[in-house]
Amino acid sequence: MLTIYGVYRSRAIRPLWVLEECKAPFSHIPVIQAYRLTDATAASAALNTAMPDYLAINPLGQVPAMRDGALLLTESLAICLHIARKYGGTLGPASDDEASLMEQWALFAATAVEPAAIEILYTTRDGQADSPTGQGIIRLAAEKLKRPLSRLEQHLAHHDWLMNRFTVADIMVAECLRYGQSYAPLLTDFPKTARWLSAAQSRPAFNTVWSRRAAEPE
Ligand SMILES: N[C@@H](CCC(=O)N[C@@H](CS)C(=O)NCC(=O)O)C(=O)O
């Protein structure tokens, strides 16, 4: 059976959302980020990314990881694509061209959206969102996101979803963009993108994984 390693409060939520959408059976091992623990090496410590057993699965010491038979993957978006293609039905590609488009959206999410969006997340999480330095970082990150957001806005002017239906492409891009969402003005000039993001986050499967995330300790 397919196994996902990683707590909901991590990028593991991406493949966990895909799995919830397609209702594929899986086993979940909630490995937590070592940096979130006071002493990740204590005998009583929760299963975490610094443990030798986990480093044998992902030498990067990061979550998520996925095992599916003999296949081991350690990149969240590659895991999403794999699950969608193999188990996802219409969430995955129906042709080689669709597979290429989904891969393009995955790379767009990882390279054009996530790096700037995560600066907003980290600054907010560190309690710096209201400090002058934090505000500067967030404004600059929002500026960097304008180009990918314009690209999304253009696309969504003619489409409800990134492909001709809701797919793993929407999950991957929405999850990376979510990191910037705590900055309310981010999407003010991008109403179609805001509507699309809200539609993705209104899906029952997203709400299910989001409540499981909320149930985990912070
Ligand atoms: N590019 C990787 C990044 C994985 C990553 O940074 N995971 C974080 C949790 S969201 C982590 O495990 N951090 C622990 C660490 O870096 O020590 C992916 O998308 O899977």
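Ser10 sits in the loop between strand 1 (3–5) and helix 1; helices (H or I, at least four residues) and strands (E, at least two) are DSSP runs, numbered from the N terminus. This is a predicted model, so local features need pLDDT of at least 70, side-chain atom pairs count only at pLDDT 80 or more, and totals for chains, interfaces and linings use all residues. Residues are numbered from 1 along each chain as its sequence is written, and side-chain values use heavy atoms, with hydrogens and water left out.

**Around Ser10**

- Is Ser10 buried or exposed? Ser10 counts as buried, at 10% relative accessibility; buried means under 20% relative accessible area, exposed over 50%, and partly exposed in between (1.4 Å probe, protein chains only).
- Leaving aside neighbours within four places in sequence, Ser10 is in contact with Gln33 and Val63, where contact means heavy atoms within 4.5 Å.

- Where the two domains meet, 14 residues of domain 1 are in contact with 21 residues of domain 2.
- UniProt, in an unreviewed entry, lists "domain: GST N-terminal" at residues 1–91; its positions are given in the numbering used here, feature names are shortened, and annotations may be inferred rather than shown by experiment.
- Over residues 1–91 the chain is 29% helix and 14% strand, with the end C-alpha atoms 20 Å apart.
- The UniProt record (again an unreviewed entry) also has "domain: GST C-terminal" at residues 95–218.
- Over residues 95–218 the chain is 72% helix and 0% strand, and here the end C-alpha atoms are 41 Å apart.

**The nonpolar cores**

- In soluble globular proteins, nonpolar side chains tend to be buried together.
- In this model, the largest nonpolar core has 59 residues, and those with the most contacts inside it are Ile4, Trp17, Ile83, Leu152, Leu177 and Trp196. A nonpolar core is a set of buried Ala, Val, Leu, Ile, Met, Phe, Trp, Tyr and Cys residues joined through side-chain atoms within 4.5 Å.
- Several helices supply at least two residues each to this core, among them helix 1 (13–22), helix 5 (132–156) and helix 6 (168–178).
- Helix 4 gives the most to this core, with 10 residues.
- Not counting residues up to four places away in sequence, Leu177 touches Val113, Ala117, Leu149, Leu152, Leu186, Leu187, Thr193, Trp196 and Leu197.
- There's also a second, separate core of six residues, which includes Tyr5, Val31, Ile57 and Val63.

- Which residues of helix 7 are buried? They are Thr193, Trp196, Leu197, Ala200 and Gln201.
- An α-helix has 3.6 residues a turn, so residues three or four places apart point the same way.
- The buried residues of helix 7 are covered by elements including helix 1, helix 5, helix 6 and helix 8.
- Over in helix 5 you'll find Glu153, which counts as buried at 12% relative accessibility.
- Glu153 and Phe190 are 37 residues apart in sequence, but 6.0 Å apart in space, C-alpha to C-alpha.
- Setting aside residues up to four places away in sequence, Glu153 touches Phe190, Pro191, Lys192 and Thr193.

- Most residues other than glycine have a negative phi, and most peptide bonds are trans.
- The peptide bond from Val63 to Pro64 is cis, with omega near 10 degrees, and Pro64 lies in the loop between helix 2 (52–55) and strand 3 (65–68).
- Lys23 isn't glycine, yet its phi is positive, near 55 degrees.
- You'll spot Lys23 in the loop between helix 1 and strand 2 (27–29), and at 62% relative accessibility Lys23 counts as exposed.

**Cysteines**

- How many disulfides does the structure hold? It holds zero, a disulfide being a pair of cysteine sulfur atoms within 2.5 Å.
- The sulfur of Cys22 is 10 Å from the closest cysteine sulfur, in Cys80, so it's too far for a bond.
- Cys176 is in no disulfide either, with the nearest cysteine sulfur, that of Cys80, 8.9 Å away.
- Cys22 is buried, with a relative accessible area of 18%, and Cys176 counts as buried at 0% relative accessibility.
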